[in-house]
Amino acid sequence: MQRGSFQWMKSLNKSIILNKIRSAGSISRAQIAKETQLTPPTVGTIVKELLEQDLIKESQLGISQGGRKPTMLVLNTSGFHIIGIDAGPSDVQFIVSDLSGKIVDQIKKTVNVGIEEDDFLQMLVTGVKHLISQNKSLKFIGIGVAMHGVVDATQGIAVFAPNLNLRNMDIKSELESTFDMDVKVENDAKALALGEAWFQNQTANTSMIAINVGRGIGAGLVIDGKLYSGEHGIAGEIGHMTIDIHGERCTCGNDGCLQTVASGPAIAEKMVKMIEQGNSTILSEYNNTDLTAEKVHHGAIEGDKLSIDILAEAGTYLGIALTNLIHVCNPSTIILGGGVSKAGKFILKPIRKTIQSRAISEQAQQTPVYVSKLGDYGSSLGAVALILSELFEPAID
(Lines give C-alpha, C1' and ligand atoms only; values in the text may rest on other atoms or scores of the structure.)
Protein backbone atom coordinates (compact mmCIF):
# COMPACT_ATOMS: atom_id res chain seq x y z
CA MET A 1 0.00 0.00 0.00
CA GLN A 2 1.40 3.43 -0.94
CA ARG A 3 2.26 5.87 1.84
CA GLY A 4 -0.44 8.33 0.81
CA SER A 5 -3.10 5.65 1.20
CA PHE A 6 -1.74 4.73 4.61
CA GLN A 7 -1.94 8.33 5.80
CA TRP A 8 -5.57 8.53 4.61
CA MET A 9 -6.39 5.38 6.55
CA LYS A 10 -4.96 6.69 9.81
CA SER A 11 -6.81 9.99 10.08
CA LEU A 12 -7.85 10.75 13.65
CA ASN A 13 -11.49 9.68 13.59
CA LYS A 14 -10.71 6.58 11.55
CA SER A 15 -8.05 5.59 14.07
CA ILE A 16 -10.45 6.15 16.95
CA ILE A 17 -13.08 3.92 15.37
CA LEU A 18 -10.57 1.29 14.23
CA ASN A 19 -9.08 1.04 17.70
CA LYS A 20 -12.53 0.82 19.25
CA ILE A 21 -13.43 -2.09 16.96
CA ARG A 22 -10.04 -3.76 17.60
CA SER A 23 -10.26 -3.48 21.37
CA ALA A 24 -13.95 -4.48 21.53
CA GLY A 25 -13.56 -7.49 19.24
CA SER A 26 -17.13 -7.02 18.03
CA ILE A 27 -19.21 -3.84 18.30
CA SER A 28 -22.18 -2.10 16.67
CA ARG A 29 -22.24 1.30 15.00
CA ALA A 30 -24.49 2.67 17.72
CA GLN A 31 -22.17 1.48 20.47
CA ILE A 32 -19.17 3.03 18.69
CA ALA A 33 -20.98 6.40 18.57
CA LYS A 34 -21.90 6.12 22.25
CA GLU A 35 -18.41 5.18 23.44
CA THR A 36 -16.43 7.56 21.21
CA GLN A 37 -18.90 10.48 21.41
CA LEU A 38 -18.77 10.79 17.64
CA THR A 39 -22.09 11.51 15.95
CA PRO A 40 -23.95 8.55 14.40
CA PRO A 41 -23.70 10.09 10.88
CA THR A 42 -19.91 10.49 11.31
CA VAL A 43 -19.58 6.91 12.51
CA GLY A 44 -21.75 5.68 9.63
CA THR A 45 -19.68 7.51 7.02
CA ILE A 46 -16.34 6.33 8.38
CA VAL A 47 -17.54 2.75 8.87
CA LYS A 48 -18.65 2.71 5.23
CA GLU A 49 -15.20 3.86 4.14
CA LEU A 50 -13.47 1.29 6.37
CA LEU A 51 -15.67 -1.46 4.93
CA GLU A 52 -14.78 -0.37 1.40
CA GLN A 53 -11.12 -0.29 2.43
CA ASP A 54 -11.35 -3.91 3.70
CA LEU A 55 -10.02 -2.92 7.12
CA ILE A 56 -13.21 -4.05 8.84
CA LYS A 57 -16.10 -6.35 7.99
CA GLU A 58 -19.64 -6.97 9.15
CA SER A 59 -20.21 -9.94 11.41
CA GLN A 60 -23.21 -11.60 13.05
CA LEU A 61 -26.18 -9.69 14.45
CA GLY A 62 -25.92 -8.42 18.00
CA ILE A 63 -28.41 -8.41 20.86
CA SER A 64 -31.49 -6.25 20.33
CA GLN A 65 -31.92 -3.26 22.63
CA GLY A 66 -35.60 -2.95 21.82
CA GLY A 67 -35.50 -2.61 18.03
CA ARG A 68 -34.01 -4.80 15.35
CA LYS A 69 -30.75 -6.58 16.08
CA PRO A 70 -27.70 -4.45 15.20
CA THR A 71 -25.07 -5.61 12.70
CA MET A 72 -21.77 -6.11 14.50
CA LEU A 73 -18.44 -4.89 13.15
CA VAL A 74 -15.12 -6.71 13.50
CA LEU A 75 -11.57 -6.03 12.38
CA ASN A 76 -10.69 -7.71 9.08
CA THR A 77 -7.40 -9.04 10.39
CA SER A 78 -6.49 -10.78 7.13
CA GLY A 79 -7.35 -7.83 4.89
CA PHE A 80 -3.87 -6.33 5.11
CA HIS A 81 -0.44 -7.58 6.12
CA ILE A 82 2.72 -6.10 7.57
CA ILE A 83 6.36 -7.05 7.13
CA GLY A 84 8.24 -7.14 10.42
CA ILE A 85 12.05 -7.24 10.53
CA ASP A 86 14.20 -8.14 13.52
CA ALA A 87 17.65 -6.93 12.50
CA GLY A 88 20.07 -8.51 14.94
CA PRO A 89 23.88 -8.53 14.89
CA SER A 90 24.19 -12.14 13.67
CA ASP A 91 21.01 -12.71 11.64
CA VAL A 92 17.96 -10.86 10.35
CA GLN A 93 14.48 -12.33 10.72
CA PHE A 94 11.75 -11.26 8.27
CA ILE A 95 8.10 -12.11 8.92
CA VAL A 96 4.76 -11.45 7.25
CA SER A 97 2.00 -10.89 9.80
CA ASP A 98 -1.69 -10.12 9.55
CA LEU A 99 -3.26 -7.40 11.73
CA SER A 100 -3.75 -9.81 14.63
CA GLY A 101 -0.10 -10.86 14.81
CA LYS A 102 -0.61 -14.19 13.02
CA ILE A 103 2.61 -15.01 11.12
CA VAL A 104 1.92 -16.33 7.64
CA ASP A 105 5.47 -16.42 6.21
CA GLN A 106 9.04 -15.89 7.33
CA ILE A 107 12.67 -16.10 6.28
CA LYS A 108 15.98 -15.59 8.05
CA LYS A 109 19.27 -14.31 6.65
CA THR A 110 22.72 -14.56 8.23
CA VAL A 111 24.73 -11.38 8.75
CA ASN A 112 28.32 -11.79 7.55
CA VAL A 113 31.10 -10.75 9.91
CA GLY A 114 32.45 -7.32 8.96
CA ILE A 115 29.43 -6.46 6.79
CA GLU A 116 29.42 -2.93 5.38
CA GLU A 117 26.55 -0.45 5.57
CA ASP A 118 25.47 -0.78 1.93
CA ASP A 119 25.47 -4.57 2.11
CA PHE A 120 23.41 -4.53 5.31
CA LEU A 121 20.82 -2.22 3.77
CA GLN A 122 20.74 -4.37 0.64
CA MET A 123 20.13 -7.44 2.80
CA LEU A 124 17.03 -5.74 4.23
CA VAL A 125 15.80 -4.80 0.74
CA THR A 126 16.40 -8.30 -0.62
CA GLY A 127 14.59 -9.95 2.27
CA VAL A 128 11.52 -7.74 1.87
CA LYS A 129 11.46 -8.31 -1.90
CA HIS A 130 11.62 -12.05 -1.33
CA LEU A 131 8.63 -12.05 1.02
CA ILE A 132 6.57 -9.79 -1.23
CA SER A 133 7.29 -12.00 -4.26
CA GLN A 134 6.25 -15.09 -2.27
CA ASN A 135 2.99 -13.45 -1.18
CA LYS A 136 1.80 -11.59 -4.26
CA SER A 137 -1.86 -12.01 -3.34
CA LEU A 138 -1.48 -10.07 -0.07
CA LYS A 139 -1.94 -6.34 0.43
CA PHE A 140 0.87 -4.87 2.52
CA ILE A 141 0.28 -1.88 4.77
CA GLY A 142 3.85 -1.13 5.90
CA ILE A 143 7.26 -2.33 7.09
CA GLY A 144 8.45 -2.28 10.68
CA VAL A 145 12.13 -2.69 11.58
CA ALA A 146 13.42 -3.63 15.04
CA MET A 147 17.11 -2.72 14.89
CA HIS A 148 19.69 -3.52 17.56
CA GLY A 149 21.74 -0.67 18.98
CA VAL A 150 21.00 3.04 19.14
CA VAL A 151 18.16 4.13 16.86
CA ASP A 152 16.76 7.55 15.96
CA ALA A 153 13.15 6.43 15.67
CA THR A 154 11.94 9.81 14.42
CA GLN A 155 14.28 9.76 11.43
CA GLY A 156 14.37 5.98 11.05
CA ILE A 157 18.17 5.90 11.30
CA ALA A 158 20.34 3.25 12.96
CA VAL A 159 22.69 5.64 14.75
CA PHE A 160 25.10 3.02 16.11
CA ALA A 161 25.05 -0.79 15.95
CA PRO A 162 28.01 -1.58 18.23
CA ASN A 163 28.17 -5.32 17.53
CA LEU A 164 28.54 -4.60 13.80
CA ASN A 165 30.37 -1.28 14.18
CA LEU A 166 27.96 0.36 11.74
CA ARG A 167 26.79 3.95 12.08
CA ASN A 168 24.12 6.27 10.69
CA MET A 169 22.31 3.84 8.39
CA ASP A 170 19.21 5.49 6.95
CA ILE A 171 16.99 2.41 6.99
CA LYS A 172 13.70 4.28 6.67
CA SER A 173 14.68 6.21 3.53
CA GLU A 174 16.22 3.13 1.89
CA LEU A 175 13.11 0.97 2.37
CA GLU A 176 10.54 3.69 1.67
CA SER A 177 12.24 4.70 -1.57
CA THR A 178 12.40 1.07 -2.69
CA PHE A 179 8.90 -0.09 -1.71
CA ASP A 180 6.84 3.11 -1.45
CA MET A 181 5.38 1.93 1.86
CA ASP A 182 5.36 3.46 5.34
CA VAL A 183 8.41 2.30 7.31
CA LYS A 184 8.95 2.57 11.06
CA VAL A 185 12.33 1.85 12.69
CA GLU A 186 12.93 1.35 16.41
CA ASN A 187 15.44 -0.23 18.76
CA ASP A 188 14.78 -3.98 19.07
CA ALA A 189 14.23 -3.95 22.84
CA LYS A 190 11.81 -1.04 22.58
CA ALA A 191 10.01 -2.89 19.79
CA LEU A 192 9.83 -5.95 22.06
CA ALA A 193 8.17 -3.81 24.73
CA LEU A 194 5.66 -2.52 22.20
CA GLY A 195 4.98 -6.05 20.96
CA GLU A 196 4.32 -7.19 24.52
CA ALA A 197 1.97 -4.26 25.06
CA TRP A 198 0.16 -4.92 21.79
CA PHE A 199 -0.07 -8.69 21.54
CA GLN A 200 0.07 -9.71 25.21
CA ASN A 201 -2.38 -7.08 26.52
CA GLN A 202 0.25 -5.34 28.61
CA THR A 203 -1.15 -1.85 27.91
CA ALA A 204 -2.87 -2.15 31.29
CA ASN A 205 0.58 -1.91 32.90
CA THR A 206 1.43 1.78 33.08
CA SER A 207 5.09 0.96 33.73
CA MET A 208 6.85 -2.01 32.19
CA ILE A 209 10.37 -2.95 31.14
CA ALA A 210 11.08 -5.48 28.38
CA ILE A 211 14.66 -6.80 28.32
CA ASN A 212 16.11 -8.28 25.14
CA VAL A 213 19.05 -10.56 26.02
CA GLY A 214 20.90 -12.07 23.07
CA ARG A 215 24.22 -11.16 21.52
CA GLY A 216 23.63 -7.77 23.10
CA ILE A 217 21.36 -6.58 25.90
CA GLY A 218 18.82 -3.78 25.62
CA ALA A 219 15.66 -2.65 27.36
CA GLY A 220 12.41 -1.06 26.28
CA LEU A 221 10.93 1.18 28.96
CA VAL A 222 7.21 1.85 29.14
CA ILE A 223 6.43 4.73 31.50
CA ASP A 224 2.85 5.92 32.03
CA GLY A 225 1.75 3.76 29.11
CA LYS A 226 4.25 5.18 26.60
CA LEU A 227 7.59 4.05 25.23
CA TYR A 228 10.35 6.15 26.73
CA SER A 229 13.34 6.90 24.47
CA GLY A 230 15.15 9.61 26.41
CA GLU A 231 16.64 12.86 25.15
CA HIS A 232 18.85 11.27 22.50
CA GLY A 233 17.21 7.88 22.02
CA ILE A 234 19.59 5.81 24.16
CA ALA A 235 17.25 5.14 27.09
CA GLY A 236 17.25 1.41 27.76
CA GLU A 237 20.80 0.65 26.58
CA ILE A 238 21.36 -1.35 29.75
CA GLY A 239 23.80 -3.68 28.01
CA HIS A 240 26.28 -0.82 28.38
CA MET A 241 25.55 -0.24 32.05
CA THR A 242 28.88 -0.64 33.85
CA ILE A 243 28.78 -3.65 36.18
CA ASP A 244 32.52 -4.14 36.78
CA ILE A 245 34.92 -1.22 36.22
CA HIS A 246 37.79 -3.72 36.02
CA GLY A 247 35.91 -6.04 33.67
CA GLU A 248 36.32 -7.12 30.06
CA ARG A 249 36.39 -4.67 27.16
CA CYS A 250 32.96 -4.31 25.54
CA THR A 251 32.20 -3.81 21.84
CA CYS A 252 31.19 -0.23 22.70
CA GLY A 253 34.75 0.51 23.87
CA ASN A 254 34.05 0.65 27.61
CA ASP A 255 35.08 -1.89 30.23
CA GLY A 256 32.86 -4.12 32.35
CA CYS A 257 29.49 -3.54 30.66
CA LEU A 258 26.58 -5.84 31.51
CA GLN A 259 26.89 -7.21 27.99
CA THR A 260 30.35 -8.59 28.85
CA VAL A 261 29.00 -10.80 31.65
CA ALA A 262 25.39 -11.73 30.77
CA SER A 263 24.93 -11.74 26.98
CA GLY A 264 24.98 -14.87 24.83
CA PRO A 265 28.62 -14.45 23.74
CA ALA A 266 29.65 -13.68 27.34
CA ILE A 267 28.07 -16.93 28.55
CA ALA A 268 29.91 -18.89 25.85
CA GLU A 269 33.22 -17.13 26.58
CA LYS A 270 32.86 -17.89 30.28
CA MET A 271 32.48 -21.58 29.47
CA VAL A 272 35.59 -21.49 27.25
CA LYS A 273 37.65 -19.95 30.08
CA MET A 274 36.41 -22.47 32.62
CA ILE A 275 37.28 -25.37 30.31
CA GLU A 276 40.76 -23.91 29.73
CA GLN A 277 41.20 -23.79 33.51
CA GLY A 278 40.49 -27.53 33.67
CA ASN A 279 36.95 -27.47 35.03
CA SER A 280 34.86 -30.56 34.39
CA THR A 281 31.94 -30.27 31.96
CA ILE A 282 30.21 -32.36 29.31
CA LEU A 283 30.93 -29.50 26.89
CA SER A 284 34.73 -29.97 27.00
CA GLU A 285 34.59 -31.80 23.65
CA TYR A 286 33.68 -28.60 21.78
CA ASN A 287 36.21 -26.29 20.18
CA ASN A 288 36.22 -22.70 21.37
CA THR A 289 34.61 -21.49 18.16
CA ASP A 290 31.83 -24.09 18.43
CA LEU A 291 30.74 -23.19 21.94
CA THR A 292 27.62 -21.03 22.15
CA ALA A 293 25.23 -19.94 24.87
CA GLU A 294 22.71 -22.32 23.34
CA LYS A 295 25.08 -25.25 23.92
CA VAL A 296 25.61 -24.09 27.50
CA HIS A 297 21.84 -24.08 27.91
CA HIS A 298 21.61 -27.61 26.50
CA GLY A 299 24.35 -28.66 28.89
CA ALA A 300 22.36 -27.25 31.80
CA ILE A 301 19.27 -29.16 30.65
CA GLU A 302 21.34 -32.35 30.74
CA GLY A 303 22.38 -31.58 34.31
CA ASP A 304 25.91 -30.28 33.68
CA LYS A 305 26.82 -28.42 36.89
CA LEU A 306 29.26 -25.99 35.27
CA SER A 307 26.66 -24.99 32.65
CA ILE A 308 24.08 -24.47 35.38
CA ASP A 309 26.51 -22.37 37.44
CA ILE A 310 27.49 -20.18 34.47
CA LEU A 311 23.84 -19.46 33.62
CA ALA A 312 23.11 -18.74 37.28
CA GLU A 313 25.99 -16.25 37.36
CA ALA A 314 24.62 -14.51 34.26
CA GLY A 315 21.22 -14.41 35.96
CA THR A 316 22.76 -12.81 39.04
CA TYR A 317 24.37 -10.07 36.93
CA LEU A 318 21.06 -9.50 35.16
CA GLY A 319 19.39 -9.31 38.57
CA ILE A 320 21.84 -6.59 39.65
CA ALA A 321 21.12 -4.59 36.49
CA LEU A 322 17.36 -5.04 36.88
CA THR A 323 17.54 -3.97 40.52
CA ASN A 324 19.19 -0.75 39.35
CA LEU A 325 16.38 -0.26 36.84
CA ILE A 326 13.77 -0.94 39.51
CA HIS A 327 15.31 1.75 41.69
CA VAL A 328 15.22 4.23 38.80
CA CYS A 329 11.92 3.36 37.08
CA ASN A 330 9.98 1.23 39.57
CA PRO A 331 8.15 -0.80 36.88
CA SER A 332 5.10 -2.93 37.57
CA THR A 333 6.48 -5.77 35.43
CA ILE A 334 9.76 -6.89 33.83
CA ILE A 335 9.66 -9.15 30.74
CA LEU A 336 12.64 -11.08 29.37
CA GLY A 337 13.04 -11.77 25.66
CA GLY A 338 15.85 -12.70 23.28
CA GLY A 339 17.81 -15.91 22.85
CA VAL A 340 19.20 -16.08 26.38
CA SER A 341 15.68 -15.87 27.82
CA LYS A 342 15.14 -19.43 26.55
CA ALA A 343 17.27 -20.48 29.52
CA GLY A 344 14.65 -18.99 31.82
CA LYS A 345 14.55 -22.13 33.95
CA PHE A 346 18.16 -21.45 34.95
CA ILE A 347 18.37 -17.64 35.01
CA LEU A 348 15.00 -16.55 36.42
CA LYS A 349 15.61 -17.89 39.92
CA PRO A 350 18.94 -16.05 40.41
CA ILE A 351 17.44 -12.91 38.84
CA ARG A 352 14.52 -12.94 41.27
CA LYS A 353 16.74 -13.88 44.21
CA THR A 354 19.10 -10.98 43.47
CA ILE A 355 16.22 -8.50 43.18
CA GLN A 356 14.72 -9.76 46.43
CA SER A 357 18.04 -9.36 48.25
CA ARG A 358 19.00 -5.99 46.78
CA ALA A 359 15.85 -3.95 46.06
CA ILE A 360 15.27 -1.19 48.58
CA SER A 361 11.63 -1.85 49.48
CA GLU A 362 9.53 -4.94 50.07
CA GLN A 363 7.20 -4.05 47.19
CA ALA A 364 10.14 -3.53 44.81
CA GLN A 365 11.59 -6.88 45.86
CA GLN A 366 8.43 -8.58 44.58
CA THR A 367 8.56 -6.98 41.10
CA PRO A 368 7.28 -9.70 38.71
CA VAL A 369 9.89 -10.98 36.23
CA TYR A 370 8.90 -13.48 33.56
CA VAL A 371 9.88 -14.68 30.08
CA SER A 372 8.08 -13.22 27.06
CA LYS A 373 5.44 -15.47 25.54
CA LEU A 374 6.25 -14.13 22.06
CA GLY A 375 9.28 -16.43 21.91
CA ASP A 376 11.56 -16.15 18.88
CA TYR A 377 9.25 -13.55 17.33
CA GLY A 378 9.27 -10.96 20.13
CA SER A 379 11.16 -8.23 18.31
CA SER A 380 9.83 -9.03 14.83
CA LEU A 381 6.24 -8.87 16.12
CA GLY A 382 7.27 -5.71 17.93
CA ALA A 383 8.29 -4.36 14.53
CA VAL A 384 4.81 -5.25 13.26
CA ALA A 385 3.34 -3.39 16.24
CA LEU A 386 5.25 -0.26 15.18
CA ILE A 387 3.01 -0.08 12.11
CA LEU A 388 -0.13 -1.15 13.97
CA SER A 389 0.38 1.55 16.59
CA GLU A 390 0.56 4.14 13.82
CA LEU A 391 -2.67 2.87 12.30
CA PHE A 392 -4.70 2.37 15.48
CA GLU A 393 -3.09 4.92 17.79
CA PRO A 394 -3.48 2.90 21.01
CA ALA A 395 -2.75 4.13 24.50
CA ILE A 396 0.92 3.21 24.08
CA ASP A 397 2.84 4.69 21.16
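Predicted model: local features only at pLDDT ≥ 70, side-chain atom pairs only at ≥ 80, totals over all residues.
Reader: How far apart are the end C-alpha atoms of helix H4?

Author: Helix H4 has 14 residues, and at 1.5 Å a residue they should span 20 Å.

Reader: Within what arc do the buried residues of H4 fall?

Author: The buried residues of H4 are Val43, Ile46, Val47, Leu50 and Gln53. Seen down the axis of H4, these buried residues line one face of the helix, because they fall within an arc of 120°.

Reader: Which exposed residues does the face of H4 turned away from its buried side carry?

Author: Exposed here means over 50% relative accessible area. On the face of H4 turned away from the buried side, the exposed residues are Pro41, Lys48 and Glu52.

Reader: How many residues of strand E13 are buried?

Author: Strand E13 spans residues 217-223 and is largely enclosed by the rest of the structure. That follows from its count of buried residues, which is 6 of the 7.

Reader: Which residue in E13 is the bridge partner of Ser207?

Author: Strand E12 (residues 207-213) pairs with E13 in the antiparallel sense over 7 bridges. The two form a hairpin, with 3 residues between them. Within E13, Ser207 has as its bridge partner Ile223.

Reader: Which residue in E14 does Val222 stand opposite?

Author: E13 and strand E14 (residues 226-228) run antiparallel and are joined by 3 bridges. In E14, the residue opposite Val222 is Leu227.

Technical notes. Residues numbered from 1 in each chain as written. Heavy atoms only, no water. Buried < 20%, exposed > 50% of the residue type's maximum accessible area, 1.4 Å probe, protein only. Helix = DSSP H or I, 4+ residues; strand = E, 2+ residues; numbered from the N terminus. Pairing = 2+ DSSP bridges. Expected span 1.5 Å × (residues − 1). Arc of directions from axis to C-beta.
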